[in-house]
Amino acid sequence: MSPLPTTLTEFFTLCRNNTFARTLLYSEVPTYFTWNTSTRKFQPRKQGRAVQGHLNLYTTDALGRLYTVHPNNAECFYHKIIINPGSGPTSFQELKTVNGHVCATFCEACQK
């Protein structure tokens, strides 16, 4: 049995399937998409200000939750650091890739 999709794994899926989402930071997703808890997928917002150049895409001032992670939880901490500045990642491996080299850990990727 495979694990349930999370908002992060579905962000990867969204970035693979939506060119606009590929331009977004993880923290910007709630501005344009809502999380459907029953389907466990992101859906484009249906209300708000129209996004110029993108049919049926709307934006709001919505805020999403970004949970804090204590530095003692090293790999999770570095994972959180590495996802914040990058736009449009499509996998955990992509997050750990720096200059074409796939790092063994998020810590190593942050250090590079």
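User: Why is E10 called buried?

Analyst: E10 has 10% relative accessibility, and buried means under 20% relative accessible area, exposed over 50%, partly exposed in between (1.4 Å probe, protein chains only). E10 therefore counts as buried. The model is predicted: local features need pLDDT of at least 70, side-chain atom pairs count only at pLDDT 80 or more, and totals for chains, interfaces and linings use all residues. Residues are numbered from 1 along each chain as its sequence is written, and side-chain values use heavy atoms, with hydrogens and water left out.

User: Which residues is E10 in contact with, leaving aside its neighbours within four places in sequence?

Analyst: They are P5, W35, R40, K41 and F42, where contact means heavy atoms within 4.5 Å. E10 itself is found in helix α1; helices (H or I, at least four residues) and strands (E, at least two) are DSSP runs, numbered from the N terminus.

User: What makes the buried residues of α3 lie on the same side?

Analyst: In α3, residues 74-83, the buried ones are H79, I82 and I83. They cover an arc of only 95 degrees around the axis, which puts them on the same side of α3; the arc is that of the directions from the helix axis to the C-beta atoms. An α-helix has 3.6 residues a turn, so residues three or four places apart point the same way. The buried residues of α3 pack against α1 (7-17), α4 (92-95) and α5 (106-111).

User: What makes a set of residues a nonpolar core, and which members of the largest one touch the most others?

Analyst: A nonpolar core is a set of buried Ala, Val, Leu, Ile, Met, Phe, Trp, Tyr and Cys residues joined through side-chain atoms within 4.5 Å. The largest has 22 residues, and F11, V29, Y32 and F33 touch the most other members. At least two residues of this core come from each of α1, α2 (29-32), α3 and α5, with the largest share, five residues, from α1.

User: Which residues does F33 contact, leaving aside its neighbours within four places in sequence?

Analyst: F33 is in contact with L14, N18, A21, L24, F42, Q43, P44, R45 and L57.

User: How many helices and strands does the protein have, and in what order do they run?

Analyst: There are five helices and six strands. From the N terminus the order is α-α-β-β-β-β-α-α-β-β-α.
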